[in-house]
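Hello! Please keep the picture open as you go through the points.

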Amino acid sequence: MFAYIDPAIRRRLEQDHRLVNLDRQGGLVDSSNGSGTAISLLGPIPMPRMVGGEEVVFQWYAFVRRLQLERVLEVAGQATGGAEECFRELVQANMSVNSVIACPRFLEAERPLVRVHSCCMTGDVFGSRRCECGPQLEDAFQRIVDEGGGAVVYMSGHEGRGIGLWAKAITYLLQDDGQDTYQANLSLGLPEDSRDFTDAAVVLRHLLGGKPVRLLSNNPLKREHLEGNGQPVAEMVPFTPGVCDHNLRYMRAKRSKGHMLPEDL
Ligand SMILES: [Zn+2]
């Protein structure tokens, strides 16, 4: 029978505690039946990355909402064709895998600097200056390395504040016709911001055991979500790298929605 992940490999990873199941409070769930699991967390996986011209070996954790993983496993269990055919069916089951990319001393830090970053294909990968996401991500890596004990939490399902890349592309065309970034989402009948940072809170609680973080962000909504889900935030650390003529209107729209941005922007 086709299986998305060989059950013997899964059991071995669980025995080694490199695959763990977490409840909504970030506590460990007994893997024998897995009931009560909110999130499955895989790692740490060493991940070397260049930061400011020097190599740093980060620890990568991947995490996924259990309901989404179960849907994938269900589709795999029902698949009846050959392995390749089954895999093609499986690709259609949607699963957002998020990440923690942690500095080597993240777990020991007293009040680690943490960037919870919403995925932005256009900014993070293409280098678009229509938003400041790309420079924010680079600056975040530099800052957590400078401090020696921080982490980036990368939320992969948050493209376009949750509407996805296709709809985001349409909103860019609407913005070029005069709408702001929030109006454009609403014009499509989509929420202006549907991001949910609950899972980031659960995993941070698990890794840090309730220690507070310093949140590298201008967005009070992220603090609310983390604290509302039991992850203390000692302070917000605002930052504004990457502001330029191409994204000034976008930045001002964010300020009007409560982001902690300078008045003279
Ligand atoms: Zn962006």
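1. Just after α9, G209 has a positive phi of about 65°. Helices (H or I, at least four residues) and strands (E, at least two) are DSSP runs numbered from the N terminus. Before going on, please note that this is a predicted model: local features need pLDDT of at least 70, side-chain atom pairs count only at pLDDT 80 or more, and totals for chains, interfaces and linings use all residues. Residues are numbered from 1 along each chain as its sequence is written.

2. Now look at α9 itself. Since 10 of its 11 residues are buried, α9 is largely enclosed by the rest of the structure. A residue is buried if 20 or more other C-beta atoms lie within 10 Å of its own, exposed if 12 or fewer, and partly exposed in between, with C-beta atoms placed from the backbone. The buried residues of α9 include D199, R205 and H206 as well as A200 and V203.

3. Which residues touch the most other members of the largest nonpolar core? Among its 42 residues, they are V114, A151, V153, A200 and V203. Such a core is a set of buried Ala, Val, Leu, Ile, Met, Phe, Trp, Tyr and Cys residues joined through C-beta atoms within 7 Å. Elements that each supply at least two residues include β6 (113-118), α5 (133-147), β7 (151-155) and α9 (198-208). The most comes from α9, with seven residues. In soluble globular proteins, nonpolar side chains tend to be buried together.

4. Leaving aside neighbours within four places in sequence, A200 is in contact (C-beta atoms, placed from the backbone, within 7 Å) with V116, V153, M155 and L226.

5. The contact is made by V72, V75 and A76 of α2 and C86, E89 and L90 of α3.

6. Finally, step back to the whole chain. The protein chain has 11 helices and nine strands. Of its 265 residues, 32% count as buried. Its C-alpha atoms fill a box of roughly 60 × 45 × 35 Å, taken along the principal axes.

Terms used: Contact = placed C-beta atoms within 7 Å.
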